[in-house]
Amino acid sequence: MEPIFDNERPIYIQLVEMIRIDIVSGKFEKGQRLPSVRELALTMKVNPNTMQKALAELENEKLIYTERTNGKYVTEDEALIEKVKKELAQEKVNQYLRSMKSIGISYQTAVKYLQELGGEDGISKV
Amino acid sequence: MELVKCNNLCKEFDQKQILKNINLSISKGKIIGLLGKNGTGKTTLIKLINDLLTPTSGEILINGEKPGIHSKQIISYLPERTYLDKDMKVSQVLRFFEEFYTNFRKEKAIKLLKDLDLKIDAKINKMSKGMQEKLQLILVMSRDAELYILDEPLGGVDPATRDYILDTILSNFKEGASVVISTHLISDIERILDEVIFIDQGEIVLTSPADELRQKENASIDEIFRRCFKC
């Protein structure tokens, strides 16, 4: 599917966020070789230079690494992937609790509702 | 060396200054948006770079040389208005391009036309406006050029055609080459731009990497442009 970008934020940052999610969700598996910059740019429909910048940022975060001449790979470091996943989860949890609070629902009730209304597969029963 | 360099470039028509003291450089491997309202000098600047007009004063250098035979070989130009003879068939236009430009990749053009289900023996005047625009873009993008200059490639096309045009630009420009896209329809193209140049009343008012500008202003290029040139 074609990603939708928000023109109000730097495109490269949005790419970093998307690829980070692809890594923690396992769409890109640990140790997997990534497609070339140009291929990635084409699938995401962005400028190859922007993709290059995003990958450089992910490399800074150590989520990917470059093997000289062979291209770029997802990190083998499972602990790092778990850590990043937890950080993302933290953000989502904050969002959930904040939006529950905004409609007047306390923390305890929010937790209860999560189990009650969330359904077993984690998807709303409604 | 810069691909294009303009030094104090001026252009007058009938003593009216259309371009005033343009200083500009375009480096290799970038997609650049030349953004300005209608009638602000975008097309004049493009025509000067393409050697279709001569400067009143100042200079333009393409790869360090004055525009001429050499620059015409390395620049692939999509003009705002069509120059194709509409009585021609697609196959005739392909032959015409092949003879005219040594860097025209006919097989590539044929493949792209095939993806569009466009028949090679179709006459241009029998094609819809959108199809004619796509044909022209395919011709221009099928050259192995160092610089692609697209003057208003999105003028008057529907959203699906617009997506096709952006895709074709992204997937077909030669690695290391640059693309200059002039337009006033900013929101449609801004996500593919490396750099933006704002031009107004014949002057360059801003040049910046696109993402840097978004980060600094916390807004889209389109929004920044509107703020800049509020009527």
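Modeller: In chain A of this predicted model, helix H2 (residues 37-44) and H3(A) pack at an angle of about 110°, and their axes are 9 Å apart. An angle from 65 to 115 degrees counts as roughly perpendicular, so H2(A) is roughly perpendicular to H3(A). The two helices make a right-handed crossing. On the side of H2(A), the residues that meet H3(A) are A:Val37, A:Arg38, A:Leu40, A:Ala41 and A:Met44. Their partners in H3(A) are A:Pro48, A:Met51, A:Gln52 and A:Leu55. By class, this contact of H2(A) with H3(A) holds seven nonpolar residues, one polar residue and one charged residue.

H3(A), which spans residues 48-60, also packs against helix H1 (residues 11-24) of chain A. Here the angle is about 55° and the axes are 8 Å apart. H1(A) passes H3(A) in a right-handed crossing. H1(A) brings A:Ile11, A:Tyr12, A:Leu15, A:Val16, A:Ile19 and A:Arg20 to the contact. H3(A) answers with A:Thr50, A:Met51, A:Lys53, A:Ala54, A:Leu55, A:Glu57 and A:Leu58. Sorted by class, the residues of the contact of H1(A) with H3(A) are nine nonpolar, one polar and three charged. A:Met51 and A:Leu55 of H3(A) take part in the contact with H1(A) and also meet H2(A).

Chain A is divided into domain 1 (11-76) and domain 2 (79-118). The C-alpha centres of domain 1 of chain A and domain 2 of chain A lie 28 Å apart, and their contact takes nine residues from domain 1 and five residues from domain 2. Between them, the two domains of chain A bury about 610 Å², with 86% of that area on carbon and sulfur atoms. On the side of domain 1 of chain A, A:Arg20, A:Val24 and A:Leu63 supply 61% of the area buried against domain 2 of chain A, more than any other three residues.

Chain B and chain A bury about 1,600 Å² between them, 47% of it on carbon and sulfur atoms. Their contact takes 21 residues from chain B and 16 residues from chain A. In chain B, the residues that lose the most area to chain A are B:Leu170, B:Arg191 and B:Asp211, which together make up 37% of what that side buries.

Helix H8 (residues 210-217) and helix H9 (residues 221-228) of chain B pack at an angle of about 70°, with their axes 9 Å apart. H8(B) is therefore roughly perpendicular to H9(B), and H8(B) passes H9(B) in a left-handed crossing. The contact joins B:Ala210, B:Leu213, B:Arg214 and B:Glu217 of H8(B) to B:Ile221, B:Ile224 and B:Arg227 of H9(B). By class, the residues of the contact of H8(B) with H9(B) are four nonpolar, no polar and three charged.

Terms used: Residues are numbered from 1 along each chain as its sequence is written. Chains are lettered from A and ligands numbered from 1 in the order in which they are written. This is a predicted model: local features need pLDDT of at least 70, side-chain atom pairs count only at pLDDT 80 or more; totals for chains, interfaces and linings use all residues. Side-chain values use heavy atoms; hydrogens and water are left out. Axes are lines fitted to C-alpha atoms, for helices over the stretch in contact, and angles run from 0 to 180 degrees between N-to-C directions. Helices (H or I, at least four residues) and strands (E, at least two) are DSSP runs, numbered from the N terminus. Angles under 35 degrees count as roughly parallel, over 145 as roughly antiparallel, 65 to 115 as roughly perpendicular and the rest as oblique. A crossing is left-handed if the near helix is turned anticlockwise from the far one by less than a right angle, and right-handed if clockwise. Contact means heavy atoms within 4.5 Å. Ala, Val, Leu, Ile, Met, Phe, Trp, Tyr, Cys and Pro count as nonpolar, Asp, Glu, Lys and Arg as charged, and the others, Gly among them, as polar. Domain bounds come from an automatic or database domain assignment. Buried area is the accessible area (1.4 Å probe) that two parts lose on being put together, summed over both.
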